[in-house]
Amino acid sequence: GILMMSCVKDIEWDDPEVALPSFLTMAMMPFTYNISYGIAFGMISYIFIKLFTGKVKEINLGTWIIGILFALMFFLTH
(Lines give C-alpha, C1' and ligand atoms only; values in the text may rest on other atoms or scores of the structure.)
Protein backbone atom coordinates (compact mmCIF):
# COMPACT_ATOMS: atom_id res chain seq x y z
CA GLY A 1 0.00 0.00 0.00
CA ILE A 2 2.81 2.41 0.81
CA LEU A 3 4.44 1.83 -2.57
CA MET A 4 1.15 2.50 -4.35
CA MET A 5 0.58 5.74 -2.45
CA SER A 6 3.90 7.20 -3.60
CA CYS A 7 2.38 7.71 -7.07
CA VAL A 8 -0.56 9.76 -5.72
CA LYS A 9 1.55 12.91 -5.55
CA ASP A 10 1.94 12.81 -9.36
CA ILE A 11 -1.82 12.95 -10.06
CA GLU A 12 -3.08 16.24 -11.51
CA TRP A 13 -5.58 17.03 -8.74
CA ASP A 14 -6.48 20.38 -10.34
CA ASP A 15 -7.93 18.64 -13.41
CA PRO A 16 -11.30 16.98 -12.61
CA GLU A 17 -11.03 14.74 -15.69
CA VAL A 18 -7.98 13.11 -14.13
CA ALA A 19 -8.71 13.56 -10.44
CA LEU A 20 -12.17 11.95 -10.33
CA PRO A 21 -11.25 8.60 -11.94
CA SER A 22 -8.07 8.52 -9.84
CA PHE A 23 -10.01 9.13 -6.64
CA LEU A 24 -12.68 6.57 -7.54
CA THR A 25 -10.00 3.99 -8.24
CA MET A 26 -8.34 4.56 -4.87
CA ALA A 27 -11.63 4.79 -2.96
CA MET A 28 -13.30 1.72 -4.44
CA MET A 29 -10.41 -0.64 -3.71
CA PRO A 30 -10.94 -0.71 0.07
CA PHE A 31 -14.73 -0.38 -0.17
CA THR A 32 -15.07 -3.42 -2.43
CA TYR A 33 -12.13 -5.37 -0.97
CA ASN A 34 -10.98 -5.96 -4.54
CA ILE A 35 -8.22 -4.19 -6.45
CA SER A 36 -9.64 -5.11 -9.86
CA TYR A 37 -13.03 -3.58 -8.97
CA GLY A 38 -11.30 -0.33 -8.04
CA ILE A 39 -9.45 -0.29 -11.34
CA ALA A 40 -12.69 -1.11 -13.16
CA PHE A 41 -14.60 1.77 -11.53
CA GLY A 42 -11.76 4.15 -12.36
CA MET A 43 -11.55 2.99 -15.97
CA ILE A 44 -15.30 3.14 -16.55
CA SER A 45 -15.57 6.58 -14.93
CA TYR A 46 -12.66 7.81 -17.09
CA ILE A 47 -14.50 6.69 -20.24
CA PHE A 48 -17.76 8.30 -19.13
CA ILE A 49 -16.05 11.58 -18.26
CA LYS A 50 -14.34 11.71 -21.64
CA LEU A 51 -17.65 10.88 -23.36
CA PHE A 52 -19.63 13.58 -21.57
CA THR A 53 -16.96 16.25 -22.01
CA GLY A 54 -16.78 15.61 -25.77
CA LYS A 55 -13.23 14.27 -25.77
CA VAL A 56 -14.01 10.83 -27.16
CA LYS A 57 -11.04 10.91 -29.53
CA GLU A 58 -8.65 11.01 -26.55
CA ILE A 59 -9.73 7.51 -25.50
CA ASN A 60 -7.38 4.81 -26.83
CA LEU A 61 -8.66 1.60 -28.40
CA GLY A 62 -7.16 -0.44 -25.58
CA THR A 63 -8.99 1.69 -23.01
CA TRP A 64 -12.27 1.09 -24.83
CA ILE A 65 -11.69 -2.67 -24.92
CA ILE A 66 -10.71 -2.94 -21.26
CA GLY A 67 -13.57 -0.65 -20.19
CA ILE A 68 -16.13 -2.69 -22.12
CA LEU A 69 -14.76 -5.92 -20.66
CA PHE A 70 -14.96 -4.49 -17.13
CA ALA A 71 -18.55 -3.31 -17.74
CA LEU A 72 -19.49 -6.75 -19.06
CA MET A 73 -17.91 -8.32 -15.99
CA PHE A 74 -20.12 -6.21 -13.72
CA PHE A 75 -23.31 -6.78 -15.69
CA LEU A 76 -22.85 -10.50 -16.24
CA THR A 77 -21.54 -11.53 -12.82
CA HIS A 78 -23.58 -9.39 -10.43
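## Basis

Residues are numbered from 1 along each chain as its sequence is written, and side-chain values use heavy atoms, without hydrogens and water. Because the model is predicted, local features need pLDDT of at least 70 and side-chain atom pairs count only at pLDDT 80 or more, while totals for chains, interfaces and linings use all residues.

## Helix packing

Helix H2 (residues 16–32) and helix H3 (residues 35–52) pack with their axes 7 Å apart, at an angle of about 155 degrees. H2 is therefore roughly antiparallel to H3 (an angle over 145 degrees). Helices are DSSP runs of H or I with at least four residues, numbered from the N terminus; axes are lines fitted to C-alpha atoms over the stretch in contact, and angles run from 0 to 180 degrees between N-to-C directions.

Residues of H2 in contact (heavy atoms within 4.5 Å) with H3 include Glu17, Leu20 and Leu24. Among their counterparts in H3 are Phe41, Ile49 and Lys50.

A salt bridge requires a side-chain nitrogen of Lys or Arg within 4 Å of a carboxyl oxygen of Asp or Glu; the count comes to three. Lys50 pairs with Glu17 at 3.1 Å, N to O, and these residues lie 33 apart in the chain. Glu17 also forms a salt bridge with Lys55 at 3.0 Å, and Lys50 forms one with Glu58 at 2.7 Å.

Glu17 counts as buried (under 20% relative accessible area) because its relative accessibility is 14%; Lys50 is buried at 7%. Glu58, at 43%, is partly exposed (between 20% and 50%).

Notes: Helices (H or I, at least four residues) and strands (E, at least two) are DSSP runs, numbered from the N terminus. Angles under 35 degrees count as roughly parallel, over 145 as roughly antiparallel, 65 to 115 as roughly perpendicular and the rest as oblique. Buried means under 20% relative accessible area, exposed over 50%, partly exposed in between (1.4 Å probe, protein chains only).
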